[in-house]
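My entries follow in the order in which I made them.

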Amino acid sequence: MPTPPDTSKTLKLERYNNYLRKIHSTKLITASSKLLFRASLLIALILILFFTINYPPLSDTPHHVPPHHRLHHHSLLSTSLFSAGGGAAWEKQVRLSSTPRRTNGFSVLVTGAAGFVGSHCSLALKKRGDGVLGLDNFNNYYDPSLKRARQNLLSKHQVFIVEGDLNDGPLLTKLFDVVPFTHVLHLAAQAGVRYAMQNPQSYISSNIAGFVNLLEVAKAANPQPSIVWASSSSVYGLNTENPFSERDRTDQPASLYAATKKAGEEIAHTYNHIYGLSLTGLRFFTVYGPWGRPDMAYFFFTKDILQGKSIDIYKTHDQKEVARDFTYIDDVVKGCLGALDTAEKSTGSGGKKKGAAQLRVYNLGNTSPVPVGRLVSILEGLLSTKAKKHVITMPRNGDVPFTHANVTLAFKDFGYKPTTDLSTGLRKFVKWYISYYGIQSKTRKESQATGESG
């Protein structure tokens, strides 16, 4: 009888293989668990970092921290991850907003689009059929809720605002990659003369570094856009010639704000000369009107008069009245659009100049300086309320006592002609202010009281 085959070795080998498979399976599960845990931990840390940077708890903000240290609340992390990397849906919004509807219409990048002048210009461009894409960092130099309200208004007219900073090079490059902009209307800037004494670095970062960053991206674009940008009447500084002409001296700035705007004009000259960028600078003279800036005198005068608070009326050191060439927003918008319409094409391509390019600077003012005391009198009449005036000597904080624009050049080149006097403009502003803040006018209150008592 034959001996049965010995299967013990085979069984041992099979058991050993099963043992090895169990060990490998256990190791694989353990490794997978560790990897999943680490990935979850990393994602959690990123989310915590993002929400900590971008949404700090209001109750934990120390009161002793100066406001300017919290000025720019959006980081490059949020910009890069949640704007530039927004994917197909984000790119579709960007393209849709910047595509013109009219024949030969412009495709315009408006920086500072949620700002006062920026929102008005964006709306005007969109209404006439141009493509408009906004860019704004929504900083808290003044109440960001006003900027958000302007954003909502623009959104209703199909203007999309990308939330980001001028100093975010990758974001700007991404925008120029997605859209071949024909024009840039550069209005983003750190505004205000007095605030520069509290936070000088914000002016350098925005008005100089931010402008250079924009020009760097624009010079490398193909095609290069034509650029119209906001300078300021402040560049005239200690100039004593009246009215202020573009031919007058601008090398004696009286404030850091003015110095950064003058630096911008020199930087514009450089990029025009080296890279063939078409650049037009606009020197605004005290722009006012609906949706205006709360840090401007006409705005906070209105607020303080309605609240029964005292307002400071400045006089010069030789006891003369301070006067401003107040310019209504609609007139400034016409000037901005006129500058865009007459801007010649840039001559460079991919950062290389191919010929001489256009370089211009214009005053956009009202040509009729008005004493601040007269401004207050008009507001008193419109608000049916007497102001509590506190007349003081102007502090040495960089403000100039008098501004007066000569707009002959702008009229000659693109028909700029302001048509709104201060009384008319302030009436429109007060109407908007009362509506926006839901304030019942004193006249209406009195008439209602009379009606109730009768």
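I count a contact when heavy atoms lie within 4.5 Å. The model is predicted, so I took local features only at pLDDT of at least 70 and side-chain atom pairs only at pLDDT 80 or more, while totals for chains, interfaces and linings use all residues. Residues are numbered from 1 along each chain as its sequence is written, and side-chain values use heavy atoms, with hydrogens and water left out.

**Entry 1: the sheet.** I took helices (H or I, at least four residues) and strands (E, at least two) as DSSP runs, numbered from the N terminus. I called two strands paired if DSSP finds at least two bridges between them. I found an open sheet of seven strands in the order 3-2-1-4-5-6-11, with parallel pairing. Which strands stand at the edges? They are strand 3 (160–163) and strand 11 (359–364); each has a single partner strand, so one side of each is left without a neighbour in the sheet. Neighbouring strands of this sheet are turned by 20° against each other on average, direction ignored. Strand 2 (residues 131–136) pairs with strand 3 in the parallel sense over four bridges, and I noted Leu-133 opposite Phe-160 in strand 3.

**Entry 2: helices on the sheet.** For angles I used lines fitted to C-alpha atoms, for helices over the stretch in contact, with values from 0 to 180 degrees between N-to-C directions. Helix 4 (residues 116–127) packs on the sheet and touches strand 1 (107–111), strand 2, strand 4 (183–186) and strand 6 (279–284). The direction of helix 4 makes about 165° with that of strand 1. Helix 10 also packs on the sheet, touching strand 4, strand 5 (226–232), strand 6 and strand 11, and its direction makes about 165° with that of strand 6.

**Entry 3: burial of helix 10.** I call a residue buried under 20% relative accessible area, exposed over 50% and partly exposed in between (1.4 Å probe, protein chains only). In helix 10, 10 of the 13 residues are buried, so the helix is largely enclosed by the rest of the structure. Among the buried ones are Val-332, Gly-335, Cys-336 and Leu-340.

**Entry 4: Ser-231.** I located Ser-231 in strand 5. Is Ser-231 buried or exposed? Ser-231 is buried, with a relative accessible area of 2%. Apart from neighbours within four places in sequence, Ser-231 is in contact with Lys-261, Glu-265, Leu-282, Arg-283 and Phe-284. I use polar contact for a pair of N or O atoms within 3.5 Å; within protein, one must be able to donate a hydrogen and the other to accept it, and residues adjacent in sequence count only if both atoms are side-chain atoms.

**Entry 5: Asn-207.** I found Asn-207 in helix 7 (residues 200–220), buried at a relative accessible area of 7%. The side chain of Asn-207 reaches the backbone nitrogen of Gln-190 at 2.7 Å and makes a polar contact of 3.0 Å with the side chain of Thr-260. Asn-207 and Lys-261 are 54 residues apart in sequence, yet 6.8 Å apart in space, C-alpha to C-alpha.

**Entry 6: Lys-262.** Lys-262 is in helix 8 (residues 256–275) and is buried, with a relative accessible area of 18%. I noted a polar contact of 2.9 Å between the side chains of Lys-262 and Glu-266.
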